[in-house]
Amino acid sequence: MNENLKVTVIDHPLVQHKLTIMRRKETGSNEFRQLLREIAMLMGYEITRNFPLEDVEIETPVAKCTAKRIAGKKVGIVPILRAGLGMLDGMLDIVPAARVGHIGLYRDPKTLKPVEYYCKLPSDVADRTLIVVDPMLATGGSSSAALTMLKEHGAKSLILMCLVSAPEGVRVVNKEHPDVPVYVAAVDDHLNDKGYIVPGLGDAGDRIFGTL
């Protein structure tokens, strides 16, 4: 991996094992969706590892005690439509109280540039840590545009979580949003001339929804 990339690769064995199955062209949509949900939950567990804690006094059925709870900002999850929806349920499995926003972007097939068509966010984005989810970080255009949109709406604490990335996309996000931590399950080799990640896993949206 290029040492200049500012990215955290979640190399947990279960994540890597499930990703390998997802990469296989023989894997059908049903299994692909289930694996993506499971990986999103596992990645969410790792991403939230360093969330701050605070002491709270509680009473168990046996005695009063001092216990821990998550402190600081509340969490929001923002999938980039449409493929990001495949990671939403896994994140909600681990952070069920999170608010959910949606950002709609598609990549122009000729320019490979992102085009916005939808944005609906919680009213209190400035008070939340927003985890932006999208399975693929290819050119970086869509992810970077989504992060820019969120900042324009007042977001101050952002995390980007993707499944598979290309070095080119990571560099774009690092350059345009150096304040945003990037978490992925893999940094692949490169982009091909159509903007697809190599070796990648194909079009994540098509494989999630069976629209090949």
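1. Helices (H or I, at least four residues) and strands (E, at least two) are DSSP runs, counted from the N terminus. Asp134 sits in strand 8, residues 128–137. This is a predicted model: local features need pLDDT of at least 70, side-chain atom pairs count only at pLDDT 80 or more, and totals for chains, interfaces and linings use all residues. Residues are numbered from 1 along each chain as its sequence is written, and side-chain values use heavy atoms, with hydrogens and water left out.

2. UniProt, in an unreviewed entry, places a "binding site" feature at Arg82, Arg107, Asp134, Pro135, Met136, Leu137, Ala138, Thr139, Gly140, Gly141, Ser142 and Asp203. UniProt positions follow the numbering used here, feature names are shortened, and annotations may be inferred rather than shown by experiment. Of these residues, the lining of the largest pocket includes Arg82, Arg107, Asp134, Met136, Leu137, Ala138, Thr139, Gly140, Gly141, Ser142 and Asp203. A pocket is an open set of points, on a 1 Å grid over the protein atoms alone, where a 1.4 Å probe fits, with protein on both sides within 12 Å along at least five of seven lines; lining residues have an atom within 4 Å of a point.

3. A "binding site" annotation from the unreviewed UniProt entry also covers Ile197, Gly202, Asp203 and Ala204. The lining of the largest pocket includes Ile197, Gly202, Asp203 and Ala204. Asp203 is in the loop between strand 13 (197–198) and helix 6 (204–209).

4. Check two cis peptide bonds. The bond from Leu81 to Arg82 is cis, with omega near 0°. Arg82 lies in the loop between strand 4 (74–81) and helix 3 (85–94). The bond from Val198 to Pro199 is cis, with omega near 0°. Pro199 is in the loop between strand 13 and helix 6.

5. The axes of helix 4 (residues 141–152) and helix 5 (residues 167–176) come within 8 Å and cross at roughly 25°. Axes are lines fitted to C-alpha atoms, for helices over the stretch in contact, and angles run from 0 to 180 degrees between N-to-C directions. The two helices are therefore roughly parallel (under 35 degrees). Ser143, Ser144 and Leu147 of helix 4 make the contact (heavy atoms within 4.5 Å) with Val172, Val173 and Glu176 of helix 5.

6. The axes of helix 2 (residues 29–47) and helix 3 come within 7 Å and cross at roughly 45°.

Note on methods
Parallel < 35°, antiparallel > 145°, perpendicular 65-115°, else oblique.
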